[in-house]
Amino acid sequence: MGAPNCLVTNDWICGEYLRTRGEELTDALLQHVGITVASVLIALAVAVPLALLVRARPRFAGPVLGLTTLLYTVPSLAMFSLLLPFFGLSAALVVTGLVLYALTILVRNTLAGLAAVPAETREAARGMGYGSLRLLWQVELPLALPVLMAGIRMATVSTIALTTVGSVVGRGGLGNLIEDALPTFFKAQMLAASVLCVLLAVTADLLLLGLQRLLTPWARIRTAPGGE
């Protein structure tokens with residue numbers, strides 16, 4: 001007799017599952033990536049203007065930082081339930097919730113990065129005739145990039161983890177597979193989806209780290225061994 005099928009014996013490690021359910025895993029992974037990318041990009045597009053507003057109008061710091069922090073403390077299931085009347089059972093529901101969570105990290109890191117730009121650098125740029133907009137794009141944001149990228153990395157990894165909770169509305173990417181496997185304790189599916197989620201987070205973090213190093217070559221020069 002041949003060896004029993006690992007799907008029949010419900011083994012944790014099962015090559016047959018990967019072979020027969022590869023398309024299902026790929027679809028879930030692509031949905032997970034799509035939701036994560038959309039959420040982080042939208043959050044970044046909202047966070048940077050908010051941070052610039054807070055810097056220009058310090059009186060808004062308390063309300064903006066307080067609100068984003070408060071939103072981060074709301075449990076994910078409660079957040080999705082509060083948004084349900086507005087978005088229904090859709091991907092927009094999950095993306096909106098993830099955007100609200102990411103704002104806390106991105107707003108604070110953007111502010112921290114801008115605050116770390118030396119005052120003498122700003123003064124030197126102004127002395128060279130830089131206006132406010134040119135100063136922001138060509139001096140402040142590039143120098144704030146390492147701190148901002150650190151925030152993007154944290155927000156991305158956090159969003160990848162929280163996306164799985166979207167399985168409650170059928171928009172959780174790999175989380176859908178995990179939730180579907182729980183009632184029958186389908187070991188191979190739970191393990192495969194969980195490992196892919198971890199690998200996705202690690203891969204995204206490494207890719208963003210590589211992008212950060214590519215965009216900030218001066219940081220590598222400054223920290224090089226034996227550098228002056």
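Predicted model: local features only at pLDDT ≥ 70, side-chain atom pairs only at ≥ 80, totals over all residues.
Student: Why are H7 and H8 called roughly antiparallel?

Tutor: Helix H7 (residues 119-127) and helix H8 (residues 132-163) pack at an angle of about 160°. Angles over 145 degrees count as roughly antiparallel, and H7 and H8 are therefore given that description. Their axes are 11 Å apart, and the crossing of H7 and H8 is right-handed.

Student: What makes the contact between Glu140 and Arg122 a salt bridge?

Tutor: The N to O distance between the side chains of Glu140 and Arg122 is 2.5 Å. The cut-off is a side-chain nitrogen of Lys or Arg within 4 Å of a carboxyl oxygen of Asp or Glu, so the pair qualifies. This pair links distant parts of the chain, with Glu140 in helix H8 and Arg122 in helix H7, 18 residues apart.

Student: Why is Glu140 called buried?

Tutor: The relative accessible area of Glu140 is 2%. Buried means under 20%, so Glu140 counts as buried.

Student: And how do you know whether Arg122 is buried or exposed?

Tutor: Arg122 has 14% relative accessibility. The limit for buried is under 20%, so Arg122 counts as buried.

Student: What makes Glu123 and Arg126 a salt bridge?

Tutor: The closest N and O atoms of Glu123 and Arg126 are 3.0 Å apart. The limit is within 4 Å, so the pair is counted as a salt bridge. Both residues lie in helix H7, three residues apart, which is about one turn of the helix. Elsewhere, salt bridges that share partners join Arg55, Arg122 and Glu140 into one network.

Student: Why is Arg126 called partly exposed?

Tutor: Arg126 is at 42% relative accessibility. Partly exposed lies between the 20% limit for buried and the 50% limit for exposed, so Arg126 counts as partly exposed.

Student: How do you know that Arg21 forms a salt bridge with Glu24?

Tutor: The closest N and O atoms of Arg21 and Glu24 are 3.9 Å apart. Arg21 is partly exposed at 28%, and Glu24 is partly exposed at 33%. A search of the whole structure finds six salt bridges.

Definitions and conventions. Residues numbered from 1 in each chain as written. Heavy atoms only, no water. Axes fitted to C-alpha atoms, helices over the stretch in contact; angles between N-to-C directions. Helix = DSSP H or I, 4+ residues; strand = E, 2+ residues; numbered from the N terminus. Parallel < 35°, antiparallel > 145°, perpendicular 65-115°, else oblique. Left-handed = near helix turned anticlockwise from the far one by under 90°. Buried < 20%, exposed > 50% of the residue type's maximum accessible area, 1.4 Å probe, protein only.
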